[in-house]
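Hi,

Here is the structure I promised to pass on. Have a look at it, and then read my notes below.

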Amino acid sequence: MMMFDTRALLYQAPLLLLVVGGLAVLLLEAFARAPSFAQLAPEGDPSTARDRNWLMWLAALVLVLTLFAALFVFRRVGTPRVLYGGMLIADRYALFFCLLLVGAALLTVLAYGGYAREHRVEHG
């Protein structure tokens with residue numbers, strides 16, 4: 001019988017932060033109040049996007065926290081760690097790609113806010 005090792009949570013912290021934070025952003029976006037039609041500004045006014053702009057910053061915060069967690073684990077892991085009986089391996093190669101992909105996601109989230117306002121494709 002395999003015992004649960006709490007030290008494994010340290011090595012999977014970037015994954016946990018990304019999943020839990022992403023789910024929180026999705027749930028908050030689903031239940032955030034949209035402005036009523038009477039409160040909407042004229043069509044050319046970019047202030048209509050401010051109602052849910054905080055979701056973009058929350059997603060960026062989650063991604064920044066994930067980057068810091070991945071950097072912390074990257075500096076701690078020396079040799080590859082086999083977790084959960086081989087189901088997850090924490091090594092620098094995997095963490096490098098975690099840093100790369102989360103960094104790209106962060107740049108995408110930050111760039112999309114202005115793009116969505118400019119092209120009027122804000123949804124939600």
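What follows is a short tour of what turned up.

First, the ground rules: this is a predicted model, where local features need pLDDT of at least 70, side-chain atom pairs count only at pLDDT 80 or more, and totals for chains, interfaces and linings use all residues. Residues are numbered from 1 along each chain as its sequence is written, and side-chain values use heavy atoms, with hydrogens and water left out.

Let's start inside. The largest nonpolar core has 8 residues: Ala60, Leu63, Leu67, Ala70, Cys98, Leu99, Val102 and Leu106. (A nonpolar core is a set of buried Ala, Val, Leu, Ile, Met, Phe, Trp, Tyr and Cys residues joined through side-chain atoms within 4.5 Å; buried means under 20% relative accessible area, exposed over 50%, and partly exposed in between, using a 1.4 Å probe and protein chains only.) Helices α3 and α4 (92-119) are the elements that give two or more residues to this core. (Helices are DSSP runs of H or I with at least four residues, strands are runs of E with at least two, and both are numbered from the N terminus.) Apart from this core lies another one of 7 residues, including Tyr11 and Leu95. In soluble globular proteins, nonpolar side chains tend to be buried together.

Threonine 66 is in helix α3 (residues 53-76). Is threonine 66 buried or exposed? It counts as buried, because its relative accessibility is 1%. Leaving out residues up to four places away in sequence, threonine 66 touches Pro14, Leu17, Leu18 and Val102. (Contact means heavy atoms within 4.5 Å.)

Now for the rings. The whole structure holds 2 aromatic pairs. (Rings of Phe, Tyr and Trp, taking the six-membered ring of Trp, pair if their centres lie within 6.5 Å; planes under 30 degrees apart are stacked, over 60 edge-to-face, and the rest tilted.) Tyrosine 93 and phenylalanine 97 have ring centres 5.1 Å apart and planes at 70°, so that pair is edge-to-face. Both lie in helix α4, 4 residues apart, about one turn of the helix. Phenylalanine 96 and phenylalanine 97 also pair edge-to-face, at 5.3 Å and 75°.

Last stop: arginine 81, in strand β1 (residues 81-83). Arginine 81 is partly exposed, because its relative accessible area is 33%.

Enjoy exploring!
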